[in-house]
Every structure is written in structure tokens, then in C-alpha cells.
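Here are some notes for a first look. They cover ring pairs and nonpolar cores.

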Amino acid sequence: MLKRLYEWMLDKAGHPQATKWLAGISFAESSFFPIPPDVMLAPMCLAKPKRAYWYAFICTVSSVLGALLGYAIGFFLFETVGIAILEFYGVTDKFDVFAQNFNEQGWIVVLLAGFTPLPFKVITIAAGSTAMPLYILIFAAIIARSARFFLVAVLLAQFGAPMKEWIDKNFALATTLGGILFVGGFAAVKWLV
């Protein structure tokens, strides 16, 4: 099923309404959809490098708005829709332990999940189910999602197809290392101040 969804998204990247599809998928991925919008963002940036930053902006705004839907699912519909989504991703057993400590470190978790391949939808639902202050979710999501999508746009607009091949092969490693450096920078500033 995931492979078919992936191929469907690649097909939509070449669609005349690709920008609208990109916005819709970016929105949905933050709350329930299983495949990240990078699948569409990358070929769109390669096809039109001058529009890469616009595409990254669309991904960011749509993703942050989708995070609000994930939050609402966690806040209002956790027992029905939220649990069903968590079951689909196979994280229900670990969710209770995770949720107990979530709000203490929640902004860091949102930053990491928003930037790395961690399932962002699980984090947005957790933010709602634990009643994380909404402004924290929004602020962290804006930082993380813009960093992630603009990084992809910059790399592909500047370095083209060879960079896409490298990202495809090493996406999890690259975003995880980037996320560690990103959060490490915040921790270093906090420790120094």
C-alpha cells in the first residue's frame, strides 16, 4: 500500500495542479497521512529550481496547519480517531509512557520530529492529548518544518539531481544528524546562558 501511495505522490508531482497537491499532502502528513511531502517536494524542486523556495514555503505553511489538525485530533478525538491513527503506526503500547513525559521535553520532541523522519503526526496528536500549550507546538513546528523543507529546497535547487540521489539514499541519516545538530545548538545556547 505504501509503495502505491509513494508512486501516486510522484505522479502528482508532475500534475498541472502539483502545488495544490503538495499543500494538501503536507497538511495531511502532519496529522494522519503516512508519506512525507518530501516525495513530491524533491522532484518539483528539481523540475523548477527557481520555484524551490516557494514549494518549501507551501510545505511549511501547510504542514504547520496540518499540525493543528493533529493537535485537535489528540485534544478532542483521542479515544476514537487518535488511537486508531496510533494503532496504524504501531505505537499505542509505547504511547502512554511517552505521553507522561511529553510536555516536559515536548518542544524538543516537536523540533526533532518536525525535522527528522520521526512520524510528525504522532507528535502532533500527542501534543493535543497531553494539552501541550498550542503556541509551543506552533512555534516548534514552524522552526522544524521550515528548516527541513527549506534545506531540501536549497540542496536540490543548488546541486540538482546528484543531491536528490544522495538524499534518497541517506535521508534518514541526513535529517537525523541535522536534527541532532539543530537541537544540540539549542542545548548549547541554553547551557551557556
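**Rings and cores**

1. Tyr 89 is partly exposed, with a relative accessible area of 22%. Buried means under 20% relative accessible area, exposed over 50%, and partly exposed in between (1.4 Å probe, protein chains only). The model is predicted: local features need pLDDT of at least 70, side-chain atom pairs count only at pLDDT 80 or more, and totals for chains, interfaces and linings use all residues. Residues are numbered from 1 along each chain as its sequence is written, and side-chain values use heavy atoms, leaving out hydrogens and water.

2. There are 6 aromatic pairs. Rings of Phe, Tyr and Trp (its six-membered ring) pair if their centres lie within 6.5 Å; planes under 30 degrees apart are stacked, over 60 edge-to-face, the rest tilted. Phe 75 and Phe 76 pair edge-to-face, 4.9 Å centre to centre, with 80° between the planes. Phe 75 is partly exposed at 45%; Phe 76 is exposed at 63%. Phe 88 and Tyr 89 are also edge-to-face, at 4.9 Å and 85°.

3. Ring pairs join Tyr 71, Phe 75 and Phe 76 into a cluster.

4. The largest nonpolar core has 25 residues. Such a core is a set of buried Ala, Val, Leu, Ile, Met, Phe, Trp, Tyr and Cys residues joined through side-chain atoms within 4.5 Å. Phe 95, Phe 102 and Phe 120 are among those with the most contacts inside it. H6 gives the most to this core, 7 residues. Helices are DSSP runs (H or I, at least four residues), numbered from the N terminus.

5. Another core, apart from that one, has 24 residues, including Ala 13 and Phe 149.

How values were computed: Helices (H or I, at least four residues) and strands (E, at least two) are DSSP runs, numbered from the N terminus.
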